[in-house]
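Here's a quick tour for anyone meeting this structure for the first time.

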Amino acid sequence: MTRRLKLIPALVAAAGILTGAFAQGSVPMQTVQDSAKGNRLIINGKPVFISGMNIAWNNFARDVGDGQVAINSFVNQFKQIKGAGGNAVRWWLHTDAQADPKFNESTGAVTGLGTRTISNIRQVLDSAYNYGIVVSLCLFSFDILHNDGNNKTSAQMARNLKFMTEPANLDTYITNALRPMLDAVGSHPAIMCWEVFNEPEGMTKEHGWSTEKIDHSHIMRFTNKIAGEVHRRTKKMASTGIHNFSQGERTRYSDAKLREAGGDQDGYLDFYMAHYYPQYGGTSESPFHHPASYWGFDRPVLIGEFPAQSWGPGTGYNMALSGTAMTITAAYEYAYNNGYCGAMSWSMTEGDKAKFGSFETTKPALENLYAKHKADIDIKDVVIVVPTGDLAMKLSFNALATGDANEVLVKKEASSSLAGKNNLTFDLYIDQQSGSSLQAYLAIQTGESDNWGWYDVQVNLNSYSKGTWVTVQLPISSFSGLSSSANIYALFFKFVASGTPYTGTVYIDNVKIDNTVISNFNELASEWSVAGGEVSVSLAQRPGGTSSVRGAVSTSGISRAPAVTVLGKTLHVKSATGANTQVRLVSVSGKTAAKFSAAGDARFSLDKVPAGRYIVETKIAGKRAGSSAIVVK
């Protein structure tokens with residue numbers, strides 16, 4: 001891509017990153033050498049077809065550095081990928097060097113890493129390993145020389161230019177940053193490869209679009225010397241993210257040219273990784289219209305970026321060039337069947353989901369490929385526990401420090417119009433043992449990037465009884481300055497400790513705009529993303545207690561999704577209200593496998609349902625109540 005959309009406004013991007021609820025273990029380093037052969041990557045001794053997506057970042061350029069990593073967000077993404085049958089993600093580390101590594105600002109020399117960089121990488125890799133996911137660790141992007149929306153100062157841009165062009169500065173990076181990372185986690189079994197650059201051609205005088213441009217010889221020197229360190233110090237592979245499949249790019253990164261540029265005999269790429277976007281390249285540059293052998297690569301090639309949804313006429317991606325149209329499911333199948341070693345769509349965290357797609361639009365393709373080629377994709381046999389029953393988002397605060405500098409922001413992107421809407425409501429439960437120094441705000445964000453607005457209303461938590469559920473109702477008119485017809489981009493809960501540090505547990509459920517449900521938290525990885533402060537976020541069964549309503553206007557009771565579980569070959573459906581429930585089993589290809597009707601607590605035989613993955617859809621009185629993923633064995 002030629003432009004990366006930042007997901008988070010400046011207020012959020014400036015915040016620290018927090019720890020999540022996922023328990024970390026000590027994963028031993030790998031002792032087997034990885035390699036790329038034929039059309040497979042050999043990872044920890046197993047040939048694997050890479051089937052996954054780009055994460056790129058959860059907090060642009062700040063996933064590593066001095067802040068704590070947003071491990072909850074990564075864990076949710078790993079759960080989603082693994083639950084759909086995928087096995088890989090691509091993650092950017094330094095990105096544009098805003099936060100990491102550390103520099104001598106005047107010379108461009110690297111002095112070290114952020115205080116938490118290595119521990120952050122280890123946490124993410126340990127989590128990926130636990131879910132059978134491998135990670136392409138991309139060190140830098142063309143963004144290092146691109147001042148996108150003035151996200152870097154002129155001094156930072158000058159420093160980065162010196163870093164990229166003065167050979168001695170690369171040596172300081174290798175000594176003070178790269179080697180410490182490689183020595184600590186370089187051979188982690190969850191690493192797919194160490195990737196030097198994302199689309200480095202973007203910052204070259206020959207082909208670039210970045211604010212500053214340099215000769216491609218500097219890119220080659222970087223690539224050669226970093227790859228050499230990877231090969232000498234780890235059991236892992238080196239690659240780089242090439243901008244496209246054109247002939248000039250295909251021949252640029254040969255072993256001989258890389259060694260000539262940097263002088264390191266170990267500095268080669270183990271496999272090639274190239275990108276494709278159908279609005280920039282027609283069928284002549286499309287990996288989905290030519291087999292891998294067509295390009296003349298002398299080693300395996302992975303399709304590292306492409307739209308995360310179908311493209312062409314009638315799709316959301318309608319700017320594709322003539323003749324390039326492809327469904328997302330067909331794209332993954334083509335990559336598998338035509339000699340590529342993997343495919344990773346863009347992206348799970350893209351701001352413009354309408355254009356590029358999302359996990360939800362790629363999910364059917366991952367599921368389809370896994371159903372057909374499980375043995376080629378599975379890295380580790382992991383059972384994803386799919387949440388069932390009536391769940392809520394649980395926020396556990398541990399001595400949250402006071403003041404706005406330590407605020408916690410819990411975010412959900414929620415594209416919705418407020419036209420004709422009256423109230424925003426949510427269910428709230430405060431644990432009995434919780435403190436009383438927590439302040440809460442509900443905020444609406446309109447727009448993104450450089451054109452966004454922030455409107456919030458304080459929610460007085462101390463006015464609510466602990467140990468009981470209440471429904472908080474906030475009129476849209478109470479968000480001062482917000483247009484009654486505005487379009488929502490995202491919702492935020494903001495939490496701040498006042499007076500004394502806060503320790504306690506808060507549950508949130510059934511976030512709605514009038515009768516439109518934004519979140520009921522009854523599905524895998526449906527908790528919101530978080531930045532700032534000290535908190536862990538997870539899904540949990542709703543605790544007990546009676547329900548009351550607080551706010552401007554009373555609202556009626558809220559329907560609860562039926563609990564769905566599988567016990568052997570029996571489907572158990574339990575309605576929280578005892579109401580009659582319509583149940584439908586849907587296969588990964590979208591076909592109805594079975595239909596049932598349940599009243600209260602009911603069980604149904606699955607003996608005639610073929611083994612596989614299914615979605616259980618439930619309706620009450622004809623209205624959708626919930627959905628759960630199950631596996632029939």
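## Cavities and helix pairs

The structure, a predicted model, holds 2 cavities of 30 Å³ or more. Let's take the second largest cavity, which has a volume of about 30 Å³. Its lining is made up of F426, L428, A440, Y441, V459, L461, F493, F495 and I508. Strand 16 (423-430), strand 17 (438-448) and strand 20 (487-497) are the elements that each give two or more residues to that lining.

Now for the helices. Here are two pairs side by side:

| Helix pair | Axis distance | Angle |
|---|---|---|
| Helix 4 (residues 154-165) and helix 6 (residues 216-233) | within 9 Å | roughly 70° |
| Helix 3 (residues 117-130) and helix 5 (residues 167-185) | 10 Å | about 35° |

Helix 4 and helix 6 cross at roughly 70°, so helix 4 is roughly perpendicular to helix 6. On the helix 4 side, F163, M164 and T165 make the contact, and they meet H218, I219, R221 and F222 of helix 6. Sorted by class, the residues of this contact come out as 4 nonpolar, 2 polar and 1 charged.

Helix 3 and helix 5 pack with their axes 10 Å apart, and helix 3 passes helix 5 in a right-handed crossing. Here helix 3 brings T117, I118, I121, R122 and L125, while helix 5 brings P180, M181, A184 and V185. The contact of helix 3 with helix 5 has 7 nonpolar, 1 polar and 1 charged residues.

Technical notes
Residues are numbered from 1 along each chain as its sequence is written. This is a predicted model: local features need pLDDT of at least 70, side-chain atom pairs count only at pLDDT 80 or more; totals for chains, interfaces and linings use all residues. Side-chain values use heavy atoms; hydrogens and water are left out. On a 1 Å grid over the protein atoms alone, a cavity is a set of points where a 1.4 Å probe fits but cannot get out, and a pocket is an open set with protein on both sides within 12 Å along at least five of seven lines; lining residues have an atom within 4 Å of a point. Grid points are joined across faces, edges and corners, and a volume is the space filled by probe spheres set on the points. Helices (H or I, at least four residues) and strands (E, at least two) are DSSP runs, numbered from the N terminus. Axes are lines fitted to C-alpha atoms, for helices over the stretch in contact, and angles run from 0 to 180 degrees between N-to-C directions. Angles under 35 degrees count as roughly parallel, over 145 as roughly antiparallel, 65 to 115 as roughly perpendicular and the rest as oblique. Contact means heavy atoms within 4.5 Å. Ala, Val, Leu, Ile, Met, Phe, Trp, Tyr, Cys and Pro count as nonpolar, Asp, Glu, Lys and Arg as charged, and the others, Gly among them, as polar. A crossing is left-handed if the near helix is turned anticlockwise from the far one by less than a right angle, and right-handed if clockwise.
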